[in-house]
Amino acid sequence: MTLRDIDLKYVNGVLTTSKSIHTTGGLTVDGSFTIGGVTSTSSPPVPVPSDHGLLGWSYDPSFALSTLTPTLGTVYLSAVYIRQAVTISKLWFMLGTAATTPTSGQNWIGLVNSSGTILSTASLDAVVTSGNAPKSATLSAAQAVAAGTYWVALLFNAAAAPVIYKTAMPFTGFGVVNQSAATQRYATAGTSQTTLSSITMSSNAAGQSIWVAAS
């Protein structure tokens, strides 16, 4: 951050400037921060992913008040917004009723970037056999990612699908207001799938608001 000394005023422990501030790095605030007369604090008064030991999530998990029985073979996507460079090694979702007889090698969770590339995956064959708990799976290769939007992909195949948790949002379009197909927070990306492969994001359809997270 660069400022000329003449632009700064330091009075009674308060540093002020009437000029614009530009920074190419991070800005750490250990207290309140006032912009345009509006004061915020460095710690928001609501839970954030780091309070749960997570790097990002689709939303506060306490809002996952409804359930979805996913269509077998359909790829479901939920976005996570990563605000700084991190390394992601594990992905999460919430499982209600367990799957019945999961099809071997056809249940997956994966990390997807904005180009539709599957960055890494983890098998869910053994994960979906016991329900009613948050579930996580370790990626086959941890991913060092830059700040940006990423999606967690879920795919299930079994004699009977598991039940997973989502918000109580009644219509799929509500969660993707003013977003293009390629940037939708919640989407579906293909049917009759047995594995996760590269996704054409611009062809996605609006999907359910499934809770996911990354750590």
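Start by selecting phenylalanine 93 and phenylalanine 156: are they buried or exposed? Both phenylalanine 93 and phenylalanine 156 are buried (under 20% relative accessible area; exposed is over 50% and partly exposed is in between, using a 1.4 Å probe and protein chains only).

A quick note before going on: this is a predicted model, where local features need pLDDT of at least 70, side-chain atom pairs count only at pLDDT 80 or more, and totals for chains, interfaces and linings use all residues. Residues are numbered from 1 along each chain as its sequence is written, and side-chain values use heavy atoms, with hydrogens and water left out.

Now for the rings. Phe, Tyr and Trp rings (the six-membered one for Trp) pair if their centres lie within 6.5 Å; planes under 30 degrees apart are stacked, over 60 edge-to-face, and the rest tilted. That rule gives two aromatic pairs. In the pair of phenylalanine 93 and phenylalanine 156, the centres sit 6.0 Å apart with the planes at 55°, so call it tilted.

Next, select phenylalanine 171 and phenylalanine 174. Their aromatic pair is edge-to-face, at 5.2 Å centre to centre and 70° between the planes. Phenylalanine 171 is exposed, at 51% relative accessible area, while phenylalanine 174 is partly exposed at 49%.

From phenylalanine 171 it is 38 residues away in sequence and 9.5 Å away in space, C-alpha to C-alpha.
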